[in-house]
Amino acid sequence: MNYVNYAVVDGVACIVFQNPPVNSLGHGLRVAILQALDQAEAAPEVQVVVMTGSDRAFSGGADITEFGTPKAAWHPTLRDVITALDEYTKPVIAAIDGVCLGGGLELAMAAHYRVATERAMLGLPEVKLGLLPGGGGTQRLPRLVGLERGLDMIVNGLKVEAGKLAGTLLVDRVVDTPLQEAAIAYARECVSAGSVLRRTRDIKIAEPDAQALLQVARRNVAAASKHFPAPSLCVEAVAGCLLPFDEGLKQERVLFMQLMNSPESAALRHVFAAERAALKVPGITSATVKRDIRRVGVIGAGTMGGGISMNFLNAGIPVTLLEAEQVALERGVGIIRRNYENTMKKGRLTQAQVDDRMSLLSTTLKYDDLSSADLVIEAVFEDMGVKENVFRTLDAVLKPGAILATNTSTLDVNTIAGFVNRPQDVVGLHFFSPANVMKLLEIVRADQTSPEVLATSLALAKTIGKQPVVSGVCDGFIGNRMLNGYRAAGEELLLHGASPAQIDHALEDFGFAMGPYRMGDLAGLDIGWAVRKRRQAENPHLDFSSVADRICEAGRYGQKTGAGWYRYETGNRQALEDPVVTQILADYRKEKGIEPRQFSPKEIVERCVFGLVNEGAHILEEGIALRASDIDVVYLNGYGFPLHRGGPMHYAQQLGLYNVVRAMRRFARQSDKAAEFWQPADLLVQCAESGEALK
Ligand code: T1G
């Protein structure tokens with residue numbers, strides 16, 4: 001593969017990177033760049049060099065897929081190429097369009113001058129991968145944009161438009177496209193002006209109050225980055241700017257390697273790859289036809305219907321919202337408007353934007369008004385009879401090729417598809433409440449869902465800013481089904497002696513934003529109670545009883561009733577431990593003949609997380625999820641699993657599946673009725689014994 005295109009035009013050597021899609025600086029491209037630089041330096045006719053990429057990317061940085069493999073250290077490393085630029089004897093200009101990130105910007109900063117298009121995006125986002133710029137970025141960026149701005153960009157991983165960097169030494173000139181022509185013209189100017197080789201490393205940090213700036217940064221960053229070491233180490237690396245340049249580089253290198261080997265960076269790099277892998281679905285290729293979604297219908301103007309509608313209005317897609325009664329429609333539209341106005345009050349929307357979005361919303365009581373919709377999503381009551389009515393009516397009025405989507409979270413999408421004469425156009429689009437905020441979108445592929453409908457749903461997810469994960473059909477799809485495993489593990493802990501507060505504290509220290517019992521009190525315990533009662537009625541031979549029933553039977557539904565697993569003082573949402581609950585649990589254990597015991601926070605976390613992991617392994621075995629990392633994407637984006645842990649399946653593999661299986665077998669020995677609950681999934685046992693990773 002030709003990683004660069006090299007050409008000399010009137011004394012200007014042009015090196016164009018050719019490593020699509022984003023010119024990531026893998027070994028092949030690094031070799032090619034260095035060879036081209038050497039060739040230009042040795043050519044007497046070359047007076048100046050221009051380096052550039054594509055209009056999409058100067059470079060997206062070091063090749064993330066090389067991390068953790070020998071390739072990352074193959075020479076020439078990125079640092080070798082940058083050192084060569086430092087020692088270069090002819091002017092080098094970096095011509096930037098598209099993204100110029102991470103190692104890509106570090107490469108550009110080692111050039112003597114930089115020109116960029118207005119729209120180019122420059123930044124050092126390594127901190128978002130749990131890293132810090134490891135190619136001299138912590139030493140060069142502050143020299144080019146100033147210490148304070150450099151710190152801010154590095155610690156926060158900011159991407160900044162080149163237009164906003166004009167006037168700094170980072171962007172010597174903002175030019176129009178075609179970029180290469182402008183860059184060559186600029187190069188010629190440099191030559192005729194006899195421009196010096198302005199080496200970034202020779203620029204001095206000018207801020208007299210540098211130490212004070214760093215001290216403030218240390219305090220602010222430490223307070224804001226509880227589970228992540230990278231931001232603080234970014235500050236320490238930048239502090240190296242006050243040392244001689246090569247000393248600063250050495251310090252940067254030590255800190256970079258420390259982060260590269262950290263579990264937090266492994267987790268963040270896993271998530272970066274996982275969120276992109278989730279878009280890859282067998283049978284769907286770039287050739288799969290995607291339908292245009294220009295008009296959307298939403299049925300049900302309740303909380304979910306309103307939130308779902310907002311996603312499309314935000315993307316500029318008109319929505320027709322349908323309800324059975326006018327009063328419900330007006331209430332739903334009012335909620336949507338109030339949501340926008342609240343966002344406007346926070347300064348994140350202008351009045352004009354609110355008006356534009358509301359102007360795209362129309363309402364109706366008649367299904368016929370949906371006949372021109374390209375996609376209709378129902379968010380009506382979770383009852384199969386109601387869904388049947390809706391789908392049979394939609395089947396009668398929608399145009400051929402329209403997509404019929406259900407937002408159901410518990411019902412069988414294959415059954416729903418069976419109500420219509422076009423099951424190939426039926427798909428589940430499971431949004432998470434609040435639907436206009438939560439990023440996760442479970443796309444439920446029913447048996448007859450066509451590849452076109454699936455490909456269209458995946459593309460639509462990206463259009464409305466959602467993170468899609470494709471799920472097969474089962475009770476609870478991926479996320480809610482795993483939640484059952486998590487809850488069952490918690491229930492067993494309560495039964496055997498743990499308190500709601502002990503469980504919540506252990507899981508919140510692990511990194512969950514909220515433990516399951518504070519969460520239950522917030523969401524309302526009566527919702528789960530109703531589902532258990534429905535399931536018990538549908539399956540009398542099974543036991544859906546829960547200690548939570550006793551809490552609900554006492555009229556304790558959570559914050560909404562002032563008491564649930566905890567008690568709440570009027571006007572205060574602080575969860576306070578309640579002796580009434582302690583007594584309910586003690587009575588329940590006595591009834592069950594269970595002698596309560598102590599549980600350490602470590603065992604609480606293991607039981608709840610391994611309960612998740614085991615259910616996840618079953619989901620993988622059954623082909624409901626396409627890959628283990630999809631399960632992580634679901635749990636990180638929809639259920640608050642701590643990001644620095646990388647997701648339940650990644651975390652389990654970091655611990656060692658052998659150790660996970662061994663712990664589960666210990667729990668099974670200690671358990672009674674739930675012994676089958678702790679039976680490790682076959683897939684887990686296979687991987688534990690073979691040492692293979694979950695795929
Ligand atoms: N390395 C390898 N592959 C990359 C990549 C990278 N840096 N960036 C993107 N890709 C792949 C991505 O996986 C996907 O692959 C395809 O390109 C399109 O990406 C030493 C150590 C650049 C803004 O953190 O933020 O430099 O799915 O779907 O929405 O200091 O990708 O097609 O197979 O995201 O247009 C620092 C990470 C690295 C930038 C493009 N750089 N990338 O967004 O497309 S560490 C980053 C992004 C580093 C040095 C350090 C985005 C993007 P596939 P995409 P996009």
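What follows is a walk through some local features of this structure, from aromatic rings to backbone details and a surface patch. The model is predicted, so local features were taken at pLDDT of at least 70 and side-chain atom pairs at pLDDT 80 or more, while totals for chains, interfaces and linings use all residues. Residues are numbered from 1 along each chain as its sequence is written, and side-chain values use heavy atoms, with hydrogens and water left out.

Let's start with the rings. A search of the whole structure turns up 13 aromatic pairs. Here, rings of Phe, Tyr and Trp (its six-membered ring) pair if their centres lie within 6.5 Å; planes under 30 degrees apart are called stacked, over 60 edge-to-face, and the rest tilted. Phenylalanine 510 and tyrosine 651 make an edge-to-face pair, because their ring centres are 5.0 Å apart and their planes sit at 75°. This pair links distant parts of the chain: phenylalanine 510 belongs to helix H18 (residues 500-510) and tyrosine 651 to helix H25 (residues 648-655), 141 residues apart. Helices (H or I, at least four residues) and strands (E, at least two) are DSSP runs, numbered from the N terminus. Phenylalanine 510 counts as buried at 5% relative accessibility, and tyrosine 651 counts as buried at 15%. For these labels, buried means under 20% relative accessible area, exposed over 50%, and partly exposed in between (1.4 Å probe, protein chains only).

Phenylalanine 512 and phenylalanine 641 are also edge-to-face, since their ring centres lie 5.3 Å apart with planes at 80°. Phenylalanine 512 is in the loop between H18 and helix H19 (516-523), and phenylalanine 641 is in the loop between helix H24 (628-638) and H25, so this pair ties together parts 129 residues apart in sequence. Phenylalanine 512 is buried at 4% relative accessibility, and phenylalanine 641 is buried at 3%. Put together with Tyr486, these residues join up: ring pairs link Tyr486, Phe510, Phe512, Phe641 and Tyr651 into a cluster.

The peptide bond from proline 20 to proline 21 is cis, with omega near 10°. Proline 21 sits in the loop between strand E2 (12-17) and helix H1 (27-42). Asparagine 23 is also in the loop between E2 and H1; its phi is near 55°, a positive value in a residue other than glycine. Asparagine 23 is buried, with 3% relative accessible area. Another cis peptide bond joins threonine 177 and proline 178, with omega about 0°. Proline 178 is in the loop between strand E10 (173-175) and helix H6 (179-192). Phenylalanine 477 has a positive phi of about 50° despite not being a glycine. Its place is the loop between strand E18 (467-471) and helix H17 (479-495), and phenylalanine 477 is buried at 1% relative accessibility.

Isoleucine 203, in the loop between H6 and helix H7 (210-224), counts as buried at 16% relative accessibility. Isoleucine 203 and arginine 143 are 60 residues apart in sequence, yet their C-alpha atoms are 5.9 Å apart in space.

Arginine 56, by contrast, counts as exposed at 54% relative accessibility; it lies in the loop between strand E3 (48-52) and strand E4 (57-59).
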